[in-house]
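Reader: Hi! Could we go through this one together, a few residues at a time?
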2 protein chains.
Amino acid sequence: VSSGPVRALVDGVLAGEVTAIARAISVLEDGDPVAREVMKEIHPRASGGWIVGVTGPPGAGKSTLVDALTTSARAAGERVGILAVDPTSAFSGGAVLGDRIRMQRHTSDPDVFIRSMATRGNFGGLCRSASDAADVLVAGGFDRIIMETVGVGQDEVEVVRAADTVLVVLVPGLGDDIQAIKAGLLEIADVFVLNKADRDGVDRLEAEISTMLGLAEGEAARRRRPEILRTVATSAEGLEDLTAAIARHRADAEASGSAESRRRERSRWRLLDVVRERIVRWAAKEADGHGALDDAQEKVFRREMDPYEAAERILRAFAGMKRDGPGEEGRG
Amino acid sequence: VSSGPVRALVDGVLAGEVTAIARAISVLEDGDPVAREVMKEIHPRASGGWIVGVTGPPGAGKSTLVDALTTSARAAGERVGILAVDPTSAFSGGAVLGDRIRMQRHTSDPDVFIRSMATRGNFGGLCRSASDAADVLVAGGFDRIIMETVGVGQDEVEVVRAADTVLVVLVPGLGDDIQAIKAGLLEIADVFVLNKADRDGVDRLEAEISTMLGLAEGEAARRRRPEILRTVATSAEGLEDLTAAIARHRADAEASGSAESRRRERSRWRLLDVVRERIVRWAAKEADGHGALDDAQEKVFRREMDPYEAAERILRAFAGMKRDGPGEEGRG
């Protein structure tokens, strides 16, 4: 039985109220003590929806593309929820770009919900918080979710675990580390979008990607071969094709069962993310109380104890607490 | 008391043998069951050393800069250990760029150790594995450590926790998302390196950084104001100044106690990384044995249970195991 304020919040979400949706996402993002109660109500009501992940290197024009995709989806009558994942910044106190200046033309549309999420790191779990936010949006009737991530690396792999169709956006003429990035992104792409396709070098870029896809081994080779499309997002060129390609990927993924197995895998990661968060939060709280973490940290710092032994002690303390204590983080 | 093979491995590391160092890093990276025994011996012997972290957006010329820094350090008689952190790739089976083609001129030098580390994600803990590898290198007599990371985002913040001096490398003329990147990197920089400084726009880039530094609040404002230097890494221009700036940062950080507090903080993160890894590994192993994780995952997937409730059940199972069982992952 949920308490009054949680009930009101959840009812607001289910009625599609934007302020309730925003508040519920914050509660879940912060790992607020009522997060569990909120998720208990939201999670069973968040079936359906389709999450499109948009990632790629800086400068690829991802935000402009998301903007154009939003315009297409709105024209088709869909309600669109956009989750933009920014790198952490203590400078800005959170999300760097706020609600994305370039998307301002959608901000007055009640059927477009835009939210920036910061990657805070301390309690980890970007996959978890992005999935929680997507659940809230789906429960609130925003069934087309777009997750955009700035940057490259492990972050993207993480966030992409929360998406049903992954667009990897590349542009011609990014030098140097781009080979590394392309290799890293190759295995997560469902559709390659060659943006700024009016630039020189787009043919070569496409040829490179095709070659790399031809060399794919292991898991990557077993997956559906990604389509490669060209766009000029600033003038919406190629956007119809892209929308059709996303629909084709969805249809194929649903027919082959790969959509289901990806969601099953996502459940696992989400769950493990929560497990990790809980134990780290417990240890951090313990540091204020009994000093178990502080003490272990100091011993590691002085090199009197190695990190593995210190970790073992903390886990033993945790097990003891679980046996004797109330057993729930956030209540005690 | 360590068993024979561990003893031999540790002795090899302490004697500075490159093959033993490489093997020990692998053992720690994989979370091999003998990792604990190895770290027990290595950790107390890994005092000293100075870790320089090099990060920045793709295309900034980080690898060339690391190469030039290595040449300088070698000229000063230092033994250099380089840890290059690449984005995960199942395609390449790990590190994308292998041992970095551009650094091949150092590969025949026995006093330069180069190692690529992949960000695997599954068991997390890049900060942990980078710190473990640095310990091995320091114990083996490589007292100048350079950690290079490709990309932007949370990864960098993580890796940078393992560094004593952080260089943020930027170049003029990277468009679009660069503002976000700069903001994210601003708070972790000890020294800004404006590379490719012969390009147009370097004055404007420096002015932007100065402005952003002037606006710094909170923790970032309390830190030593980062120096801003210009280099052309390909021709080693500005490298002497950069080496001197790193030395100044080190001297200041040691005098002010900030080096110590950063290392203390690092001990905490390292420890928490191990805690996280252990419990996730336990849950994954449990999945094969008793099916606790598989069962919970399936319930979450079917939306019969929310991830928070499922996590709570797993933690209870873990606490029960800790009480009754041998209590050590990797032994049972």
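Reader: Is B:Arg230 buried, partly exposed or exposed?
Author: B:Arg230 counts as partly exposed, at 34% relative accessibility. Buried means under 20% relative accessible area, exposed over 50%, and partly exposed in between, with a 1.4 Å probe and protein chains only. This is a predicted model, where local features need pLDDT of at least 70 and side-chain atom pairs count only at pLDDT 80 or more, while totals for chains, interfaces and linings use all residues. Residues are numbered from 1 along each chain as its sequence is written, chains are lettered from A and ligands numbered from 1 in the order in which they are written, and side-chain values use heavy atoms, leaving out hydrogens and water.

Reader: Thanks! Which residue forms a salt bridge with B:Arg230?
Author: That is B:Glu206, with the closest N and O atoms 2.9 Å apart. A salt bridge here is a side-chain nitrogen of Lys or Arg within 4 Å of a carboxyl oxygen of Asp or Glu. B:Arg230 lies in strand 7 (residues 227-230) of chain B and B:Glu206 in helix 8 (residues 202-214) of chain B, so the pair ties together parts 24 residues apart in sequence. Helices (H or I, at least four residues) and strands (E, at least two) are DSSP runs, numbered from the N terminus. B:Glu206 is partly exposed too, with a relative accessible area of 24%.

Reader: And where do B:Lys299 and B:Asp295 lie?
Author: Both are in helix 12 (residues 292-301) of chain B, four residues apart, about one turn of the helix.

Reader: Switching topic: which residues are buried in helix 1 of chain B?
Author: In that helix (residues 4-14), B:Val6, B:Leu9, B:Val10, B:Gly12 and B:Val13 are buried. They cover an arc of only 155° around the axis, which puts them on the same side of helix 1 of chain B. The arc is that of the directions from the helix axis to the C-beta atoms.
Reader: What do they pack against?
Author: Helix 2 (18-30), helix 3 (35-42) and helix 5 (126-139) of chain B. Contact means heavy atoms within 4.5 Å.
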